[in-house]
Amino acid sequence: MKILNFLVTVSILFTIFGCKNEASKEGKSDPVAEPYKLQQTLYHGGDIITMAGEEPSYVEAVVQREGQIIFTGTKADALVQFEGKAELVDLQGKTMLPGFIDGHAHFGAFSAQAIGAQILPPPDAGANNIAALIDILKDWNTPENRALTGWIFGAGFDDSVLEEKRFPTKHDLDKVTTEFPIMIIHISGHFAAVNSKGLEQLNITAETKNPEGGLIRRENGNEPNGVLEELAAIPYFARALTPKTLEAAELFFESGQNMALSYGYTTAQEGRAMLESHALLSGKAKEDKLKLDVVSYVDYMFVDSLMATKWNSKEYTKGYRIGGMKLTLDGSPQGRTAWRTQPYLLLPDGAEEGYLGYPAIPNDSDVEAIYKKSFENDWQILTHANGDAAMDQMIRTMSKVSKDYDKKDRRNVLIHGQYVREDQLDAFKDLDVIASLFPLHTFYWGDWHKQIIGEELGNKISPTRSALNKGLRLTIHTDAPVALPNLMRMVGISVERKSRSGQVIGAGEKLTAYEALKGITEWSAYQHFEEDHKGTLEEGKLADLVILDKNPLKVEEEDIKDIVVLETIKAGRTVYSVDD
C-alpha cells in the first residue's frame, strides 16, 4: 500500500533574552524585545525572494514573531535588532519564498490521490497501459485497503496516455475482481470507470436513464459498459471514497494534508465543496487538525444552507472558511466533454460526427439565476468553463446579470478556460473576471489536445501570456487531484510549456519564472481576498514560508519543475520538513 507517510514536525522556537537594549534604558519601549520570551526566528544565509513588486527583489533576512513577519532587510540590521533575542536559522544557500497558494484545487480529494491505488501515468506513477493499470489495482486489492471504504479505488487514470487510447471498461476491471466493487476516477475528475460489481452497487442497469449533464456509456444496445461521464459519475464518487471508520477517516485526511504540505502549500482551496466535504473540513477545523489554511467554494446547489453559516467569512476560524460559491458549466477538455463551438476531431466512444461536448446546465436562464444569487449577495463566484461554448454562456449570462448591480470588488474567477478565445479574454477583462488558468495541460495533454482539436488551436491552450497582455489578473493552478499538487512542477511547466513528447505548446504563451511564482503567491492571495496578509514577505504579513533546494529564478527553465520543497512553515511553525 503506497501511502504518503510524511511526519509533520512543529518546531516551537523559544527566545531567551539578555538585558534590555539602550532604547529601553532610556525609558523608550522596545517593540521587538518586550515581552522577552517571545517566539522569534531570524532567517538568513540564502536567497530570500519577497515576491513584492513587478521585478524580483531580495532581502538578506526575515524575522518572524508569533507567526507574523516583523522584519525584512539586511542581515546586519537584523542582527543589530535581534541578535540574542531570536533563534538564528541559516538557510545555507537555500531559497525562501512566501508560502504557496494554489489558484484552484480540490483539497478534500487530495486524500484519494495520496492513499488509493497509484494509477497515474508516468512520470507520476506507472499506469501507461490497461494491463499495467490492472496489475496496480490487483496489488492494491488487499483486505486492509478494501476495509478503508469497502471499495477498490484509485484516482488518475488517463485514457489519452494509455497505450490503448481508450477508457478501461467493466470487462477490464473485472479482471481484477468480480467479488468486490471497483471505482477508478479519471485524471480529469469528470469520469469514473467501475467493474460489474460496482455497477451493481450503484444500481446502474440497462434501464437507468442518463442524468441531465451526464452520460452512461453503453454496449450491446443499452447495457452499461462501466464508464460513467460527468453527472453520471461525480455524484457517486463519495460511495467509493468515503472512509468507513474513524481510523480510516483520520488516515485519509492526514495523508492528503501531508501531501499538500510536502509541496509547499500554506493555503489550499477546496474548489467545489459539497455537504460532505464542508462537513469534513469544518469538523477538522473544530478539532484543530488543520495545519494550513483551507478556503472552500461551495457548489451552487448547496449555497442556501452553507453560505448562511459562520464559515462564510473573509476570516479563518481555526484554519477554515468559505470564500464563495462554485459553478460548473461544462466538463473536461482532455476527456472531450468540454463544450465547444467547433467539433472535436477525434470522437469519444459512442459520439456522432459533429460532436461538440455538452453543457452542464443547458438553459441560460438557470445560469443567470445562479449568477444573480451571487451578485445580489456579494458572493465571489468561481466558474468552471473549459470549452469556448461554455465561456460564451458564461459571458452572455454574467454580462446580463451584472448590468443590474453596482460594480463592486467581487473578484469573480474563470477556472481553467482551456479553450478560451482572444475575444473572450477581452470580454472577461470587461467583466473584471480573474483568469485562473491551468498550464499543466501543456505537459500532461499538450500532444493530445493537438490530436483532438488540431495543431493551431492546440497551441493556444492555457493562454497565460495573452491574458496578461490583455490586462487580466492571472493565477495558475494544479486542479489537484487532477494532477499531483506539485506546485514547483506547475511553475516549471508554465515557463517551459513542453509536452510529454518534448514539443513546445504555444511558445508565445510562456510565463517568466517570476510571473509563474506570482501566480501561486501574491496574485493568488489577491484572488482569495488575502493580499493584505499573504503572498509576499513584508512586515505585518503572516509568516507563511517555504524553503526550496534551489532558486527558481537562477536555474535553467527545464530544471524549475524538479525543484524540491525542503520545508513548509505555516504562521511561523514548521509543518513539513523533508528531513523528518
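By a rule in which rings of Phe, Tyr and Trp (its six-membered ring) pair if their centres lie within 6.5 Å, the count comes to 14 aromatic pairs. Take Phe375 and Tyr405: their ring centres are 5.9 Å apart and their planes stand at 45 degrees, so this pair is tilted; planes under 30 degrees apart would count as stacked, over 60 as edge-to-face, and the rest are tilted. The two residues belong to distant parts of the chain, 30 residues apart, with Phe375 in helix 12 and Tyr405 in the loop between helix 13 and strand 16 (413-416). Helices (H or I, at least four residues) and strands (E, at least two) are DSSP runs, numbered from the N terminus.

A word on the model itself. It is predicted, so local features need pLDDT of at least 70 and side-chain atom pairs count only at pLDDT 80 or more, while totals for chains, interfaces and linings use all residues. Residues are numbered from 1 along each chain as its sequence is written, and side-chain values use heavy atoms, with hydrogens and water left out.

Let us stay with helix 12. Helix 12 (residues 364-376) packs on helix 13 (residues 388-402) at an angle of about 50 degrees, with the axes 9 Å apart. That angle makes helix 12 oblique to helix 13. Here axes are lines fitted to C-alpha atoms, for helices over the stretch in contact, and angles run from 0 to 180 degrees between N-to-C directions; under 35 degrees counts as roughly parallel, over 145 as roughly antiparallel, 65 to 115 as roughly perpendicular and the rest as oblique. The crossing of these two helices is right-handed, a term for a near helix turned clockwise from the far one by less than a right angle, with anticlockwise giving left-handed. Contact means heavy atoms within 4.5 Å, and on the helix 12 side it includes Val367, Tyr371 and Phe375, which meet a set in helix 13 that includes Met394, Thr397 and Val401. By class, this contact has six nonpolar, three polar and five charged residues, where Ala, Val, Leu, Ile, Met, Phe, Trp, Tyr, Cys and Pro count as nonpolar, Asp, Glu, Lys and Arg as charged, and the others, Gly among them, as polar.

Helix 13 has another partner to look at. With helix 14 (residues 422-430) it packs at about 25 degrees, the axes being 11 Å apart. Helix 13 and helix 14 are therefore roughly parallel to each other, and their crossing is left-handed. Asp388, Met391, Asp392, Met394 and Ile395 of helix 13 make this contact with Gln424, Ala427 and Phe428 of helix 14. Its classes are five nonpolar, one polar and two charged residues.

Eight strands form an open, parallel sheet in the order 6-12-13-14-15-16-17-18, where two strands pair if DSSP finds at least two bridges between them. Strand 6 (100-101) and strand 18 are its edges, each pairing on one side only. Within this sheet, strand 15 (residues 380-385) and strand 16 pair in the parallel sense over four bridges, and His384 has Ile415 as its bridge partner in strand 16.

Five other strands form an open sheet with mixed pairing, in the order 7-8-9-11-10. Strand 7 (152-157) and strand 10 (214-219) each have a single partner strand, so one side of each is left without a neighbour in the sheet. From one strand to the next, the twist averages 25 degrees. Strand 10 runs antiparallel to strand 11 (residues 223-230), joined by five bridges, and Gly214 is partnered by Glu230. Across strand 7 and strand 8 (182-186) lies helix 4 (residues 130-140), running at about 145 degrees to strand 7.

Finally, some backbone details in the loops. Most residues other than glycine have a negative phi, and most peptide bonds are trans. The bond joining Pro122 and Pro123, however, is cis, with omega about 10 degrees; Pro123 sits in the loop between helix 3 (110-115) and helix 4. The bond from Ala480 to Pro481 is also cis, with omega near 10 degrees, and Pro481 is in the loop between strand 18 (474-476) and helix 19 (487-496). Asn203 has a positive phi, near 60 degrees, and is placed in the loop between helix 7 (196-202) and strand 10.
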